[in-house]
Amino acid sequence: PRVRLDSNVDPSSIDNTLLEGQPTVLDVPAYAKSLRVEIVGDPDTNIEVDTSVSGVPARTESVVIPFAENVYLDELPTSVEVTVRDSTSGSGTLQCRVYADDVLVALDTGTSDVTCSPRMR
């Protein structure tokens, strides 16, 4: 499946507040044309973001929190997986969340590494 990744997202457009509690996480709708990946946590933390699509590495980036990327889908892949590692201290809080339109489709919160892999329909 063809996908395009765009990480030229304005960091000020990202709400760096952690989602608390047990938010509802839904499957990616079959009609989804893009996913928005957001990585939030302790500001200015250096992280490494690995994005894989259908099991194939698509991109690895070293960036600073908050970070977002758009994954544009020409067709639904079998899987999208985003793995995030804290490359600074490893003791802060990280949260990875993925949205299809405004629907939360993946969420993971942890300290040194997190993985978001939304369920595809």
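This is a predicted model: local features need pLDDT of at least 70, side-chain atom pairs count only at pLDDT 80 or more; totals for chains, interfaces and linings use all residues.
**Stop 1: the disulfide.** Select cysteine 96 and cysteine 116. These two form a disulfide, with 2.4 Å between their sulfur atoms. A search of the whole structure turns up one disulfide, and this pair links distant parts of the chain: cysteine 96 belongs to strand E7 (residues 94-100) and cysteine 116 to strand E9 (residues 113-116), 20 residues apart. Are these cysteines buried or exposed? Cysteine 96 counts as buried because its relative accessibility is 0%. Cysteine 116 is buried too, with a relative accessible area of 1%.

**Stop 2: the nonpolar core.** Now select Leu35, Ile39, Ile47 and Val82, the residues with the most contacts inside the largest nonpolar core, which has 24 residues. Strands giving two or more residues to this core include E2 (34-41), E3 (46-53) and E8 (103-110). Which element gives the most? That is E7, with four residues.

Stay on leucine 35 and show what surrounds it. Leaving out residues up to four places away in sequence, leucine 35 touches, among others, Val28, Leu73, Val98, Val105, Pro118 and Met120.

**Stop 3: a loop.** Move on to serine 79, in the loop between strand E5 (67-73) and strand E6 (80-86). Serine 79 counts as partly exposed because its relative accessibility is 27%. Beyond its neighbours within four places in sequence, serine 79 is in contact with Ser52, Val53, Ser54, Gly55 and Met120.

To finish, draw a distance from serine 79 back to cysteine 96: their C-alpha atoms are 16 Å apart, with the two residues 17 places apart along the chain.

Notes. Residues are numbered from 1 along each chain as its sequence is written. Side-chain values use heavy atoms; hydrogens and water are left out. Buried means under 20% relative accessible area, exposed over 50%, partly exposed in between (1.4 Å probe, protein chains only). Contact means heavy atoms within 4.5 Å. A disulfide is a pair of cysteine sulfur atoms within 2.5 Å. A nonpolar core is a set of buried Ala, Val, Leu, Ile, Met, Phe, Trp, Tyr and Cys residues joined through side-chain atoms within 4.5 Å.
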